[in-house]
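Hi,

Here is the structure I promised to pass on to you. Please have a look at it first, and then read on for my notes.

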Amino acid sequence: MEQRKLVHTERIAIRWGDMDAMGHVNNTVYFRYMEQARIAWFESLVPRGEAWSSLGIVIVNASCNFRRPINYPGTVEVKVFAGAPGGSSVATFYELLLVGELHADGAATVVFIDAKEQKPIRIPQSIREAMQ
């Protein structure tokens, strides 16, 4: 198993509108919870003003294992873990918990990009150091 380091925790209120006709949070929303946590983590790494104007991230793949349904009301705690950074990418892993119990886990490969050119770039050294 790849080495993982806890890099961010985000708490997200479950909204009534997150639920589907089955009465639980729709599976697509799990990916949004992971996205919200990933974006908050990224913005904590990047100097103010650089996020999205000169530097951005995209994902090249994403997965989710749905362990238990999530229901309204409540707060999802999303833990973000990062693997060792590569040249332009880093593997990220997620745990979605409610009241300390795992409801889903997932992963996504994040690629750093030049926001203007929309092309991959080498992860800046300052961000690489912050990740390790």
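To start with something you can check on screen: is Tyr72 buried, partly exposed or exposed? With a relative accessible area of 37%, Tyr72 is partly exposed, since that value falls between the 20% and 50% cut-offs. Please keep in mind throughout that this is a predicted model.

Trp16 itself counts as exposed, at 61% relative accessibility.

Another pair joins Phe42 and Trp52. Here the centres lie 4.8 Å apart with the planes at 55°, so the pair is tilted. Because Phe42 lies in helix 1 and Trp52 in the loop between helix 1 and strand 2, this pair ties together parts that are ten residues apart in sequence. Phe42 is buried at 1% relative accessibility, whereas Trp52 is partly exposed at 38%. Ring pairs also bring in Phe112, so that you will find Phe42, Trp52 and Phe112 linked into a cluster.

There is a charge over a ring to look at as well: the charged end of Arg4 sits over the ring of Phe93, 3.7 Å from the ring centre.

Now to the nonpolar cores. The largest has 18 residues, and the members that touch the most others are Tyr33, Ile70, Val76, Val78 and Leu96. Two or more residues come from each of helix 1 (27-45), strand 3 (75-82), strand 4 (89-98) and strand 5 (101-114). Helix 1 gives the most, with five residues.

Leaving aside residues up to four places away in sequence, Ile70 touches Ile14, His24, Val25, Tyr30, Val76, Leu96, Leu98 and His103. There is also a second, separate core, made up of 13 residues, with Leu45, Val46, Leu55 and Met131 among them.

Best wishes

Technical notes
Residues are numbered from 1 along each chain as its sequence is written. This is a predicted model: local features need pLDDT of at least 70, side-chain atom pairs count only at pLDDT 80 or more; totals for chains, interfaces and linings use all residues. Side-chain values use heavy atoms; hydrogens and water are left out. A nonpolar core is a set of buried Ala, Val, Leu, Ile, Met, Phe, Trp, Tyr and Cys residues joined through side-chain atoms within 4.5 Å. Buried means under 20% relative accessible area, exposed over 50%, partly exposed in between (1.4 Å probe, protein chains only). Helices (H or I, at least four residues) and strands (E, at least two) are DSSP runs, numbered from the N terminus. Contact means heavy atoms within 4.5 Å. Rings of Phe, Tyr and Trp (its six-membered ring) pair if their centres lie within 6.5 Å; planes under 30 degrees apart count as stacked, over 60 as edge-to-face and the rest as tilted. A charge sits over a ring if NZ of Lys or CZ of Arg is within 6 Å of the ring centre and within 35 degrees of the ring normal.
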